[in-house]
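Q: I would like to learn how to read a protein model, one feature at a time. Where do we begin?

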Amino acid sequence: MAAPAQWSAAVLARRRSGPYTVLTVSAPRVAERCRPGHYVSLSVAGSDSAMLLRRQAWIATSSASGRDGGALELIVDEREPGGARLAATDVGRGVDAIGPLGRPFSLPREPVGVLLVATGVGAAPLIWLAAAVGARGCRSQFLFVGETEPFGLLEARRVSASATVAEQGGAGAIAAHLSGDVAVVYSAGTPALERRIAAAVNATRPGLPHQSLVATPLVCAAGTCTACVVPVAGRDGVTRMVRACQDGPVFNADLVRWADWGSIPADCHGAATTGNPA
């Protein structure tokens, strides 16, 4: 995990992409350390705001060059709490940022077939990832699922062999895309959607490597609020409650206890001391 920094990120440019806003912000000495799957935490609090918690913004691209010493493209969903406020930030203004945060995706060591499954703004880090695995000779397919308008459909088609928008649910489309040459699945979305994607992958290709990026929009960026805890089984077989903001946001999907999301499993390490009902 890259050591995060806190800085005032100057908004260098702002553009719309469907219902989303792309903010290009300065990131000197930070951009060079960012990888697909990393994110930044932005403050939306102000003298006229009651929003004390920070907001998660996915990094769509990172450039370590330029006169500003590095820049990031961040994706903001105006429909999310605090999103409209961030999206309205004027060019030239500064936004308090912390990043890069979290553990990014692991890339294949050799050329393989890759399936990328995303919904909404979760597509942003996967498009960047598709470009990265493509540089390693991987052939990638992109699949947009869910009911949210996809982000970056044209960009996804540019960096992958194909990009398809699935109909409702997407379970059938996921199964159809899991052909024999797919060696790894990458996905990104809300916990509810990631649970459905993991179930569809396991039903079609049990044991297929699957890295899941879990989006938790309210992030304190300090690992203290526990608003993003996830029940994850360790390699030792013991389930622990880990923090998506620091131990994720990318997880081995087979180790996440999706059915227990939002609760502390009775067999979780330390559950007996929490007062959690059995």
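Q: How far apart are the mean positions of the positive and negative charges of the protein?
A: Lys and Arg count as positive and Asp and Glu as negative, while His and the chain ends are not counted. The place of a charge is taken as NZ of Lys, CZ of Arg, CG of Asp or CD of Glu. Here there are 25 positive and 21 negative charges, and their mean positions lie 4 Å apart. This is a predicted model, in which local features need pLDDT of at least 70 and side-chain atom pairs count only at pLDDT 80 or more, whereas totals for chains, interfaces and linings use all residues. Residues are numbered from 1 along each chain as its sequence is written, and side-chain values use heavy atoms, with hydrogens and water left out.

Q: How many helices and strands does the protein have?
A: Helices (H or I, at least four residues) and strands (E, at least two) are DSSP runs, numbered from the N terminus. The protein has six helices and 15 strands. Its radius of gyration is 18 Å, close to the 19 Å that the globule rule gives for 278 residues, so the protein is as compact as a globular protein of that length. That radius is taken over C-alpha atoms, and the globule rule is 2.2 Å times the number of residues to the power 0.38. The C-alpha trace spans about 50 × 50 × 35 Å along its principal axes.

Q: What share of the residues of the protein counts as buried?
A: Buried means under 20% relative accessible area, exposed over 50%, and partly exposed in between (1.4 Å probe, protein chains only). Of the 278 residues, 49% are buried. Arg 29 counts as exposed because its relative accessibility is 64%. Gly 134, in helix H2 (residues 123-134), is partly exposed at 35%.

Q: Which residues is Ile 59 in contact with, leaving aside its neighbours within four places in sequence?
A: Contact means heavy atoms within 4.5 Å. Ile 59 lies in strand E4 (residues 54-63) and is buried, with a relative accessible area of 0%. Its contacts beyond those neighbours include Cys 34, Leu 72, Leu 74 and Trp 128. Across the protein, among contacts between residues at least 6 apart in sequence, 69% join residues at least 24 apart.

Q: How many disulfides are there?
A: A disulfide is a pair of cysteine sulfur atoms within 2.5 Å. The count here is zero. For Cys 34, the closest cysteine sulfur is in Cys 245, 16 Å away, and therefore too far for a bond. Cys 34 is buried at 3% relative accessible area, and Cys 138 is buried at 8%.
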